[in-house]
Amino acid sequence: TLFPYTTLFRSRPLHLGIPQYGSPDERHPDGRHRYYRGRNAVRNLKHMLLKAKRCLTHNLLNLPGSRIDGRIVVIESDDWGAIRMRSREAYDRLLAHGYPVDRNGYERNDALASEEDLELLFDLLASHRDGEGRPAAITANCIMTNPDFGKIREEDFRTYHYEPFTSTLARYERHGGSFACWQQGMRAGIFRPQYHGREHIAVGPWMRALQRGDAEVREAFDLEMAGTASRRNGRNGYVVAYEGDPGEEARLAEAAAEGLRMFEQLFGYRSRTFIAPCYTWPANLEKTLRAEGVEALQGMIHQCLPGGGHRRHWFGSRNALGQTYLLRNCFFEPTTDACADPVDACMERIACAFRWHKPAVISSHRVNYVGFIHPTNRDRSLRLLGELLDRIRRRWPDVRFRTSDELTSLLADQKNPT
C-alpha cells in the first residue's frame, strides 16, 4: 500500500483509547482488547500520528526525481581521513576541563579509524553478499589533508599548513597500517573512496581564532585537534569547510581543486562524485568541481548555502553543468541517532525507496565504525550493521550493492541508452 499506516488506523478501533496488542494476558477475560485510557490514550494517539507523518514524509521525499531499474543499495560514509578526537587521553582531559565532549556522538567517538577498526568492518562487509554474489560496499568519502600543527605553531599561527592524511595516520598509534588496510579494502571491492574535501575544517575562521588567542581553540590545538565541543554552547564551530567570508570564495575553490588533484594522485583515478562537509557548499563551487572531473554531487534534499539559505534537489536532477544530484534517502547512524531501533528505521526507509523505484542511498558516517576511543561504539554499530545487511538480503534476495560512482553510471546509462 502507498501509506501502510492507513491500515494501522483502520485496524485499531479508537473508542475510548487505543488497543494494546500483545500476549493473551494483555486482553480482557472475554477476549476484548484492553484499552489505554486518559493520558496513555493521548500518548499512543500522538505516537500513531507521528508514525503516519513520518511515513508520509518518506514517501514525498522519494516521489519526485529519476527512477532506476532494480533494487540498489548504496552506503555513503563521510569523514574518512579526517581527524576529530585525538585519543582517549585527549577525550578524558577535555572532559575533566569541563568540555561537554560526552554529550555529542562525534566528539565522544569520532577519530581516525585504526587498523583494528578497518579489519573488523571489512570482515563484516565481505561476509554479506548481494543477489549477484558481490560483497556489501562502502563509498568512503575522504578528506585528503589535516592541519600540520607543528608548522602552524612554528610560524606563530600566521599561516595555515596541512599534511596528507596518510602522514597523519603514520603518526597515530595503532594506525601505521591503516592505509594499507584501505588499499586491501579497495582491491576487495568493499571500500571505494570518493572525494569529501581537502580538509574538514573552516580554515579561515579557525586560523583567526588561533591568532586572537581563543583559549578553547588553543587548548584543542595543543591536543592536535581542530576545535572541539565548546563549553559556551556545546558546538564545534569549525567543521564546515566551505563556510567562510565572501572574500574567501576563490581560496575555497582552489582548495577544492587541489584536493581533487591530490585524490587522483593518491588513488590513481578521478573522483566522480563529491559530498561537501556538513552538506554546505556555494553554488559556484560546482564549476570548479566539474572542471576536475566531478560528475555527481552526493547530498540531502537541501543543500545548505554558506551564510544561510538552501537549495532543494531531487534524486537524479541535474544542474546547468550536467552534474547529477544523488539524494540520501535512508539513514543508518546508530552512534548519533536517538532512534530506539536504527535497523527497523532504516529498513522502513529502504522499503519506501524501493516502492518508488529509487535506490536506497544510506547515510552512515565513519563515526559509527570507530572504536579507537570507545570500542563499545564500534562493536554495537557493527552488530547492528550485520543485522541490517542480513535483513536486506532476506527481504529482497535480488538486491544489488553498489557504490556512488557506480550509481552515477547507472543513471547515465538510463538517461542515454545505447
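This is a predicted model: local features need pLDDT of at least 70, side-chain atom pairs count only at pLDDT 80 or more; totals for chains, interfaces and linings use all residues.

Tutor: Residues are numbered from 1 along each chain as its sequence is written, and side-chain values use heavy atoms, with hydrogens and water left out.

Student: How many disulfides does a search of the whole structure find?

Tutor: A disulfide is defined here as a pair of cysteine sulfur atoms within 2.5 Å. For Cys330, the nearest cysteine sulfur is that of Cys346. These two sulfurs are 5.3 Å apart, too far for a bond. The number of disulfides found in the whole structure is 0.

Student: Is Cys346 buried or exposed?

Tutor: Buried means under 20% relative accessible area, exposed over 50%, and partly exposed in between (1.4 Å probe, protein chains only). Cys330, at 0% relative accessibility, counts as buried. Cys346 has a relative accessible area of 0%, and therefore it is buried.

Student: Which residue meets Arg366 in a salt bridge?

Tutor: A salt bridge requires a side-chain nitrogen of Lys or Arg within 4 Å of a carboxyl oxygen of Asp or Glu; the whole structure holds 34 of them. The N to O distance in this one is 3.1 Å. Both partners are buried. The partner of Arg366 is Asp110.

Student: How many residues apart in sequence are the parts that this pair ties together?

Tutor: Helices (H or I, at least four residues) and strands (E, at least two) are DSSP runs, numbered from the N terminus. Arg366 lies in the loop between β12 (360-363) and α14 (375-395), and Asp110 in the loop between α4 (105-109) and α5 (115-126). The pair therefore ties together parts whose separation in sequence is 256 residues.

Student: In which helix is Glu286, the salt-bridge partner of Arg311?

Tutor: The closest N and O atoms of Arg311 and Glu286 are 3.2 Å apart. The pair links distant parts of the chain, 25 residues apart, with Arg311 in strand β9 (residues 310-312). Arg311 is partly exposed at 26%, whereas Glu286 is buried at 4%. The helix that holds Glu286 is α12 (residues 285-291).

Student: Which residues touch the most other members of the largest nonpolar core?

Tutor: A nonpolar core is a set of buried Ala, Val, Leu, Ile, Met, Phe, Trp, Tyr and Cys residues joined through side-chain atoms within 4.5 Å. The largest has 92 residues, and apart from it lies another core of 11 residues, among them Val74 and Leu407. Those that touch the most other members of the largest core are Trp206 and Ile350.

Student: What distance separates the C-alpha atoms of Pro397 and Arg129?

Tutor: Pro397 is found in the loop between α14 and β13 (400-402), and is partly exposed with a relative accessible area of 49%. Along the chain, Pro397 and Arg129 are 268 residues apart. Their C-alpha atoms are separated by 9.9 Å.
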